[in-house]
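Trainee: Could we go through this structure together, step by step, with the sequence and the model side by side?

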Amino acid sequence: VDKQTQKDAVTPHLFQKIRQPESNYLIIPNVSSENRRFVPIDYLPPETIVSNLVLTLPNATLYHFGLLCSTMHNAFMRTVAGRLKSDYRYSNTVVYNNFPFPQADEKARAAIESAAQAVLDAREQYRAEARAENLPEPTLADFYRAGAGYTALDKAHAALDKAVDAAYGYKGGKDDASRVAFLFDLYQQLAAPTDVPAPPGSKRRTRKNTASHGSE
């Protein structure tokens, strides 16, 4: 036990650290069913305090939400994530930190943001319809169970995938294997040293990374 924890033991009724985000944040479940095409991710207000069963991503824009909700990201997740029995275990270190984000220009980012908002709008459409009929609002688990049949949401995800693929310049197959092979190639370019030593007697050459990660 570190010294600070020992000191904080005299005030057990107080939080040791305030980790709660101050604005809306994304929640990502640590474990998600293998039967889902997408890990269910959503925004929560800062008043909602989450448990250790989810990951939180503060200051996340629609651009980040769109990338994490895309087939491209979920294909990567399905390949590199650990498992709890057969379900996916999303990890901030193994999955998120290693996912190569595209070097998207302003037009591509705007297209992803617009498509991401359409996903949120489709969810809200179904929630509003349920409220109008005095029915329970569908949950994220309802939206993303296999064969759920939320057509507007399916179309919104298809449009989001199109925008994300365009940002990567991806024109390969729709299967996970093709997508992951493409992403692994980007990862290798990202992880490679920028300066590549030249063989003796030749000119030094520089390799330019073509993929970057994270909050830009």
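Trainee: Which residues in α3 meet which residues in α8?

Mentor: Please keep in mind that this is a predicted model. On the α3 side the contact is made by Thr71, Met72, Ala75, Phe76, Arg78, Thr79 and Val80, and these residues divide, together with their partners, into eight nonpolar, two polar and three charged. The partners in α8 are Asp176, Arg179, Val180, Phe182, Leu183 and Phe184.

Trainee: Are α3 and α8 roughly parallel or roughly perpendicular to each other?

Mentor: Two packed helices are described by the angle between their axes and the distance between the axes. Here the axes of α3 and α8 come within 9 Å and cross at roughly 90°. Since angles of 65 to 115 degrees count as roughly perpendicular, α3 and α8 are therefore roughly perpendicular.

Trainee: Which element gives the largest share of the largest nonpolar core?

Mentor: The largest nonpolar core has 46 residues, and those with the most contacts inside it are Ile41, Phe65, Leu68, Ile112, Leu153 and Tyr168. Among the elements that give two or more residues to this core are β1, α2, α5 and α7. The largest share, eight residues, comes from α5.

Trainee: Which residues does Leu68 touch, not counting residues up to four places away in sequence?

Mentor: Leu68 is among the residues with the most contacts inside the largest nonpolar core. With residues up to four places away in sequence left out, Leu68 touches Leu26, Ile28, Ile41, Leu57, His73, Asn74, Tyr90 and Tyr96.

Trainee: How many residues apart in sequence are the parts that Asp42 and Arg123 tie together?

Mentor: Side chains of opposite charge can pair when their charged atoms come close. Asp42 forms a salt bridge with Arg123, in which the closest N and O atoms are 3.3 Å apart, and both Asp42 and Arg123 are buried. Because Asp42 lies in strand β3 and Arg123 in helix α5, the pair ties together parts whose separation in sequence is 81 residues.

Trainee: How many salt bridges does a search of the whole structure find?

Mentor: One of them joins Asp142 and Arg145, with the closest N and O atoms 3.9 Å apart. A search of the whole structure finds a total of eight.

Terms used
Residues are numbered from 1 along each chain as its sequence is written. This is a predicted model: local features need pLDDT of at least 70, side-chain atom pairs count only at pLDDT 80 or more; totals for chains, interfaces and linings use all residues. Side-chain values use heavy atoms; hydrogens and water are left out. A nonpolar core is a set of buried Ala, Val, Leu, Ile, Met, Phe, Trp, Tyr and Cys residues joined through side-chain atoms within 4.5 Å. Buried means under 20% relative accessible area, exposed over 50%, partly exposed in between (1.4 Å probe, protein chains only). Helices (H or I, at least four residues) and strands (E, at least two) are DSSP runs, numbered from the N terminus. Contact means heavy atoms within 4.5 Å. A salt bridge is a side-chain nitrogen of Lys or Arg within 4 Å of a carboxyl oxygen of Asp or Glu. Axes are lines fitted to C-alpha atoms, for helices over the stretch in contact, and angles run from 0 to 180 degrees between N-to-C directions. Angles under 35 degrees count as roughly parallel, over 145 as roughly antiparallel, 65 to 115 as roughly perpendicular and the rest as oblique. Ala, Val, Leu, Ile, Met, Phe, Trp, Tyr, Cys and Pro count as nonpolar, Asp, Glu, Lys and Arg as charged, and the others, Gly among them, as polar.
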